[in-house]
Amino acid sequence: MISPALRQLFDNPPRDFGPTPLWWWSGAKVTRDRLAWQLRRFADGGVHNLVVINLAPAGPTFGARTDDPVWFGEEWWARFEDACELAGDLGTRLWFYDQIGFSGANVQGGITRRHPGSAGRALRSRRAVVSGGTVALKGTETLLGAYDRTGARLPVAGPAIEAPDGAEVRLVTAVPTAFDYLNPESVGLLFDAIHHEYDRRVPEYLGNVIAGSFQDELPATNSWTGRFPEEFRTRRGYDLLDHLPALFTGDTSRDRKIRADYYAVRAELTEEALFRPLAAWHEERGLLLGCDQSHPARSGFPAQSTQLYTDYFRTHRWYSAAGSDHHGDAKVHSSMAHLHGHERVWIESFHSSGWGGTLEETYDWLLPFLRSGANLYNPHASYFGTAGGWFEWAPPSTDWRQPYWRQYPAFSRAVARICSILSWGTYSADVAVLHPTATMQSLIPLDAPVQHFGDGRLGEAHADVDETQRHYLELCGTNNWLEPAVGALDRRRVSFDVIDDASVQGAKAGDGTLRIRDLAYTAVLLPSASVLEHETARRLAELLDAGGRVVVVGRPPEHAAGLSGDDSVVAALLDHPRLERVADAEAGAAAVADASGYATGEVPLLVRRKGDEAVALVTGAFPDARTHPPRGRHEIDPARYARTSTVTVRGPVAEAEIWNPATGSRRPGRVTVADGVSTIEVPLEGAPAALVVWREGPAADAVPPPPLEPTGATEVTDLSSGWEGRLAPTMDNTWGDLALPAGASVAEPQIWTMGWTESKGSWGQARATYGNRVRVLPPVPSAQAPAPLDRAAVEQVLSGPWGVGPRGLGCLAVLVESGHPGPRRAARQQGPGSGGVRAGPGARARDRGPGQDRRGDRPPRARRPARRRGRGQTPVVERQSAGDGRGISGVRPGGGRTGPQRAGVRAVRRPGPAADHLGRRRHPAGQLVLPVPPGRVRAAAAVHAPARRCTTGRRRDLPRPDRHPGPGCGGGPRRGRRGGRDRPARRSRRGAAGEGGVLRVRLGRGTDVLPARTDAERR
């Protein structure tokens, strides 16, 4: 039978594997009472891990006021101790953010002010003309050497240079830069300022309540330090000062070898001063160390990772939970974890995705990163306060401010199940791709610009660098959520790891494999790796001798790295009769397709093994359920999820089970074995993902799996006596997160219209909203009800050529608005005989967490139009406007995502009179008509909202029907900066309304209704 321990991981996953959101202590004053309240709310939502982080730790940052209390002040420490105490009582684990990378704390700046010697140095090169036996230095330059046209070093005494007047010389200088990460003394001061303060303040919580620390976007390491010449001479045996121009110019083999030596020593110094001591501090205290570093190193780009961190694998192998945000790639970091024995792989996501993302979408977006090996999900984010909806940083706030919070425990359990299972056993792959670090170190001059964005190409002057990077990326691809690129190996469904030189050199070759720890690779791909460390080349030749495979993609190896590198070892590899060569990445993937892995599927799999048991993550769509390329549109289409799939195992399978992470269900799997190869049938039934678990061995007495349970049954309710709905708020405004003052009612529908500008001369209007478009049908005989709209038909309706339904039928098209900055869109409607809908794009709506319907932890069901009997006709509430079988679908407005719960209300169905004192009334078609006064829909806040002060200081009485916040109140597509990335507007506002008092509500167990009033009804 399947191991009870493995089943236990699935049935009761450890809390540490659940979502671990960033908890920004920003936007409101942090108090003990509010800490206690928020920690309880997190626990209610199934969140038991939090990363404490400050956005504005030392002053206003990114439009945010200074955090209160100030980071690392006495009051801040008092609140942090409160958080540790309260978290310990709840069984919650905390992480701390170290403020070394992305930060307004400027810890390094404070250290260099007090200790000027802690500033780093950067190398610069320029030409100058000797005049009077000297050259003029600029600004803060320190002269390291002067060189003639041949590159020979000239004698220098102070500013005097032994060269004739008028001679042109090359100068290499050092200039101050931010911080010296190559100097152990400087880094020691940094650790003392941050990490050792935790030792002094909260030692009793380290390793128990405090689970670890997180580092985000560490600055690039400096290129020079005062002790570099001495250390280089000791480690490489020659004087680098004699050869400094080779770091900037020269394409000879000797120049490239000197560059490789420089980068190697720089990596060693940084590793010894920063990365290894940082890891040791955490390990001694039982803490994990997570990171998401600067782009595009976090995507594994060989060129930029070398420019930023010198040797990405060598330096970041020390992180016990290395990873990236959704701009990066999980494969390179999971490979680090596999190679160096780490369990966790970080994935921070999905900041700046807007308020409208649903749990169903988030689950889908997350799966490609999990399949690539990430298993520590770090949602971005939760904010301590949102100031009545006026403050946020990189939305959304994925917490109790979302209508889906009551469903979040199911989502949290689904994440924990996958992440815990994907931490079990050993990763299974037969193919490895060498990260071409040595090639990049040899080819990239120090003055080459760092391309942080785009495809990372350095340009024609660095064609070899670009070719190596292109071949690597075409083989491996990248998870980047905004611009995912599927690599050739994934297209061939080949499981693989990315390996580094140190791992190869520590491996043992034998029996046709290269063994590293518990990993065994039968084939290694070299992506235009024209330079190899000679010990790497030696080990690869041994792999060929042992019957394994080495495949050169593009340029072959030509030289060994470093002046002491043995070119003859590389030549021997190149001359090996079993070495294979192909022209490009696609041919390389095809060459190793027969080594695709122990288990393969119809989509790329992640497979982990332990003894005779194994588990595979099988996704219903690849790479996900979005339309690709996304081009800024991230709505998912559940129709892309496969109904069935298969897993093929190279071995006899005795038994198999199919586990659904979203529902927690387990069921037997059907297995067929032929010629020692087993095929496991995977009935996904449209689920986003499943875990397939099996045990090898002789086939036992086969027990057929139970028949599939019927899904998607139509539910019919008799409404002939009429019905009535009422609003029941689901959003919590206890602390003024949604409206001010704190505790104000948020039951009234709201829509905010903002003035915005990026310049002083031009103002525009934007509606702080996103919208759903839903077709609402009047009572018609069943036979006359129009068919659901498919995606193409929805586009035609929204763009205008088509009507929303047959003329004379009286169909309504309603836009329900609530919460993402975007162009203003007005609700439109169709009466009998009217034309098409000319308003802006529609939206997809979701109201379920992954694998969950409204009745709790139940598998997803196909949603059909709900039919209701009444007064001789059949009212039809259309819930499939794009025909995907799982709810409302259509086309989203730019930048916004929605869910039907965004209105923050739910409707309770009950019988009642035709109308009551609030103006609520029955509608013959069963449509709920809400008494929102005409004219109030344009108001920018609820009727109960108080006057607010805009960023300009002007007072706006928002409830007035003829006014909106106007200039200075934000909400438009303002741009900001975070880590060098452009950002859309930060402010948004939840509410829900449409013109004419339209509001979308949910009735009973699953009926979606969109009411509308005609002009006559308004009058």
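Reader: Which residue is the bridge partner of Glu-613 in E37?

Author: In E37, the partner of Glu-613 is Arg-695. Before we go on, note that this is a predicted model, in which local features need pLDDT of at least 70 and side-chain atom pairs count only at pLDDT 80 or more, while totals for chains, interfaces and linings use all residues. Residues are numbered from 1 along each chain as its sequence is written, and side-chain values use heavy atoms, with hydrogens and water left out.

Reader: What holds for strands in general, and how many bridges join E31 and strand E37?

Author: Strands of a sheet pair through backbone hydrogen bonds, either parallel or antiparallel. Helices (H or I, at least four residues) and strands (E, at least two) are DSSP runs, numbered from the N terminus, and two strands pair if DSSP finds at least two bridges between them. Here E31 and strand E37 (residues 689-696) pair in the antiparallel sense over seven bridges. Strand E30 (residues 606-610) also pairs with E31 in the antiparallel sense, over five bridges, and Arg-608 has Val-615 in E31 as its bridge partner. The hairpin of E30 and E31 has two residues between the strands, and Gly-611 in this hairpin takes a positive phi near 65°.

Reader: Is strand E31 buried or exposed?

Author: Buried means under 20% relative accessible area, exposed over 50%, and partly exposed in between (1.4 Å probe, protein chains only). Seven of the seven residues of strand E31 (residues 613-619) are buried, so this strand is largely enclosed by the rest of the structure. Both of its faces are covered, with Glu-613, Val-615, Leu-617 and Thr-619 buried on one side and Ala-614, Ala-616 and Val-618 buried on the other.

Reader: In what order do the four strands of the open sheet come?

Author: The order is E29-E32-E36-E35, and the pairing is antiparallel. At the edges are strand E29 (599-601) and strand E35 (671-674), each of which pairs on one side only. Three bridges join E29 to strand E32 (residues 645-649), and Gly-601 has Val-647 in E32 as its bridge partner.

Reader: Which residues have the most contacts inside the largest nonpolar core?

Author: A nonpolar core is a set of buried Ala, Val, Leu, Ile, Met, Phe, Trp, Tyr and Cys residues joined through side-chain atoms within 4.5 Å. The largest one has 151 residues, and those with the most contacts inside it are Trp-23, Trp-25, Phe-80 and Tyr-198. Helix H13 (residues 408-421) gives the most to this core, with eight residues. Contact means heavy atoms within 4.5 Å, and, leaving aside neighbours within four places in sequence, Phe-80 is in contact with residues including Trp-25, Val-52 and Tyr-198.
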